[in-house]
Amino acid sequence: MKDAVRTTGLFKRYGAQVAVAGVDLVVPAGSFAGLVGPNGAGKTTTLSMITGLLRPDGGHAEIDGFHVWRDPVEVKARIGVLPEGLRLFERLSGRELLLYNGRLRGIPKAEAERRAADLLQVMDLADAADKLVVDYSTGMRKKIGLAAALLHNPSVLFLDEPFEGVDPVSANTLTEVLRGFTASGSTVIFSSHVMDLVERLCDWVSVMDRGHIVAQGPLERVRAGRSLNEAFLELVGGTRTGESQLSWLGRRDEP
Ligand SMILES: Nc1ncnc2c1ncn2[C@@H]1O[C@H](COP(=O)(O)OP(=O)(O)OP(=O)(O)O)[C@@H](O)[C@H]1O
């Protein structure tokens, strides 16, 4: 099967801190892939390097066979990104934001308007389409960000914590949109801490810990008969709070 994403020895350090320590990430085309790992594992740094937002100190990354740093135009045309801490043009309305993105991507005006209307409808943002983005809630911002990332029909979609702050009804809608997207052969890669969600949505999982990939492959192989949460805790050495730790917490001394 063709790989949508392939990195070789991807490496990044911040001063003395090695954030990504030689990562070989592989995601087959058409996957709904989860990138999971504890806080500080290097997920955001890895995704930033793959999407061309951050230059690696070593190694390389390919998307649909195109080199992220050598063929940036080819790569940028193929990817959609919903980054962490998304910055939006606050003084545009949701609709204007989508149309502006459409123009940047070279989509003809009438087609961009049609796609924007479809996306606003599906994301349940039609009533807020003419409201300024600055007045959107956290979940609405996620949804308009996702709509903007989908507008040009990318082949590979990168999402950093896409469901954070999104209500259950909207999360369900997003899930359906993304499932339909991968069913047609496109690829989704998203980072999350919510194992149940990853287990429910993904058919491919990459587990990162301290800058390394510690497990990667089809969900069933990574789980190996356990829940993904159990597998995750075993892989990253989940610590249990022993009785000796925080022994004062919750204690009420009798007067
Ligand atoms: N701009 C930066 N300057 C210095 N150190 C950084 C910077 N960005 C990330 N780091 C460090 O790199 C490591 C990996 O961070 P990264 O944000 O990639 O992890 P993550 O897996 O996305 O974490 P989280 O799940 O908490 O979002 C951490 O130790 C972090 O402190």
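Which residue in strand 9 does G34 stand opposite? I looked it up: G34 faces F190 there.

Before going on, I noted that this is a predicted model, where local features need pLDDT of at least 70, side-chain atom pairs count only at pLDDT 80 or more, and totals for chains, interfaces and linings use all residues. Residues are numbered from 1 along each chain as its sequence is written.

I traced an open sheet of six strands in the order 7-8-9-4-10-11, with mixed pairing. Strand 7 (79–82) and strand 11 (212–218) are at the edges with a single partner strand each, so one side of each has no neighbour in the sheet. Neighbouring strands are turned by 15° against each other on average, direction ignored. Helices (H or I, at least four residues) and strands (E, at least two) are DSSP runs, numbered from the N terminus. Two strands pair if DSSP finds at least two bridges between them.

**Strands 4 and 9.** I found strand 4 (residues 32–36) paired with strand 9 (residues 187–191) in the parallel sense, over four bridges.

**Helix 9.** I saw that helix 9 (residues 228–236) lies across strand 4, strand 10 (204–209) and strand 11, at about 30° to strand 10. Contact means C-beta atoms, placed from the backbone, within 7 Å. Angles run from 0 to 180 degrees between N-to-C directions of axes, which are lines fitted to C-alpha atoms, for helices over the stretch in contact.

**Ligand.** I listed residues around the ligand, including Y14, N39 and K43; a residue counts as near if its C-beta atom, placed from the backbone, lies within 6 Å. Helix 1 gives the most to this shell, with three residues.

Conventions. Contact = placed C-beta atoms within 7 Å.
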